[in-house]
Amino acid sequence: MWRKSGLARAVAAVVWALAAVPGLAATVVMTPGNVSQALAALRPGDTLRMEGDFATRLVFRNRDFGGVQVDASRATLRDGMQLSNVHNISFADARIGSLEAGTINRFAVLVDRSTHVSFARATVLGNSDGVGTGMRIINSRYVTVRDSLFDGNVDGITLLTSPDSLLVRNRFINGQSDGMKIVDSQRIIASGNSCSGFVPLPLAHPDCIQFWSVVGKPLQSDIYV
């Protein structure tokens, strides 16, 4: 039994390595009508190209994608996306949410229990209805959000218990509470971000970046701003 298990692992490792070779990588196209099929077709090192208007929430869960690159420049994710227990995937040029209608989910983007996840040049939209947060990252590690725009959200990004993460060169406009909340996280770089045009909700006192530690847990430390 041990031999078979070991052989299976070795074969899987070889398949993984071959799939990650640039010459063998493929481009898989995902549309609103073939989400499950496109996810099933993806292999480590592939590019996922999203096309079309996704009216329902896009969910990725329980998978190590092995370095998949997602080109979302041709897509709109009106009801946002969720990543749960997801690893090694990068998103570029995603347009998420809507200025005309609020998402039915509290978080336009939710990243939960995930590692090595990256968002670059995202546009995350809320409709200033006092409800939605642009992106919530919780119980995760090695998450990058860079060069992105958050427009019309209550909070732009909330980073909770997610150490070793990078939040750089993001813009937060027309917000209603805070640009970023960084909570119970160590070894964070939050550099080159900006906030403008905030109209606070009643009792809110907007901060561009707000930090706090949690009682009974280590103080936040090693944070570069």
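**Notes on the predicted model**

1. Cys-195 and Cys-208 are joined by a disulfide, S to S 2.1 Å; the term denotes a pair of cysteine sulfur atoms within 2.5 Å. The link of Cys-195 and Cys-208 is right-handed, with 80 degrees about the S-S bond. The pair connects distant parts of the chain, 13 residues apart: Cys-195 belongs to strand E17 (residues 194-196), and Cys-208 to the loop between E17 and strand E18 (209-212). Helices (H or I, at least four residues) and strands (E, at least two) are DSSP runs, numbered from the N terminus. The structure holds one disulfide.

2. On the basis of the numbers, this is a predicted model, in which local features need pLDDT of at least 70 and side-chain atom pairs count only at pLDDT 80 or more, while totals for chains, interfaces and linings use all residues. Residues are numbered from 1 along each chain as its sequence is written, and side-chain values use heavy atoms, with hydrogens and water left out.

3. Ser-114 occupies the loop between strand E6 (107-112) and strand E7 (115-120). Ser-114 counts as buried because its relative accessibility is 0%. Its side chain reaches the backbone nitrogen of Asn-85 at 3.4 Å, and a polar atom of that side chain lies 2.9 Å from the backbone oxygen of Asp-112. Apart from neighbours within four places in sequence, Ser-114 is in contact (heavy atoms within 4.5 Å) with residues including Leu-83, His-87 and Arg-141.

4. Strand E5 (residues 95-97) contains Ile-96. Ile-96 is buried, with a relative accessible area of 0%. The C-alpha atoms of Ile-96 and Leu-125 are separated by 6.1 Å, although the two are 29 residues apart along the chain. Leaving aside neighbours within four places in sequence, the contacts of Ile-96 include Leu-77, Met-81, Val-109 and Leu-125.

5. Leu-166 stands opposite Ile-189 in E16. E16 also pairs with strand E19 (residues 223-224) in the parallel sense, over two bridges, and Tyr-224 in E19 is the bridge partner of Ile-189.

6. Which residues line the largest pocket? Among them are Arg-106, Phe-107, Arg-136, Asp-155, Lys-181 and Trp-212. Strand E9 (133-138), strand E12 (157-160) and strand E15 (180-183) are the elements that give two or more residues to this lining. About 170 Å³ of space lies in the largest pocket. On a 1 Å grid over the protein atoms alone, a pocket is an open set with protein on both sides within 12 Å along at least five of seven lines, a cavity is a set of points where a 1.4 Å probe fits but cannot get out, and lining residues have an atom within 4 Å of a point.

7. The whole structure has two cavities of 30 Å³ or more. The largest cavity holds about 120 Å³ of space. It is lined by 20 residues, of which Gly-102, Thr-103, Gly-126, Asn-127 and Gly-132 are the closest to its centre.

Key: Buried < 20%, exposed > 50% of the residue type's maximum accessible area, 1.4 Å probe, protein only. Polar contact = N/O pair within 3.5 Å; in protein donor to acceptor, adjacent residues only side chain to side chain. Pairing = 2+ DSSP bridges. Points joined across faces, edges and corners; volume = space filled by probe spheres on them.
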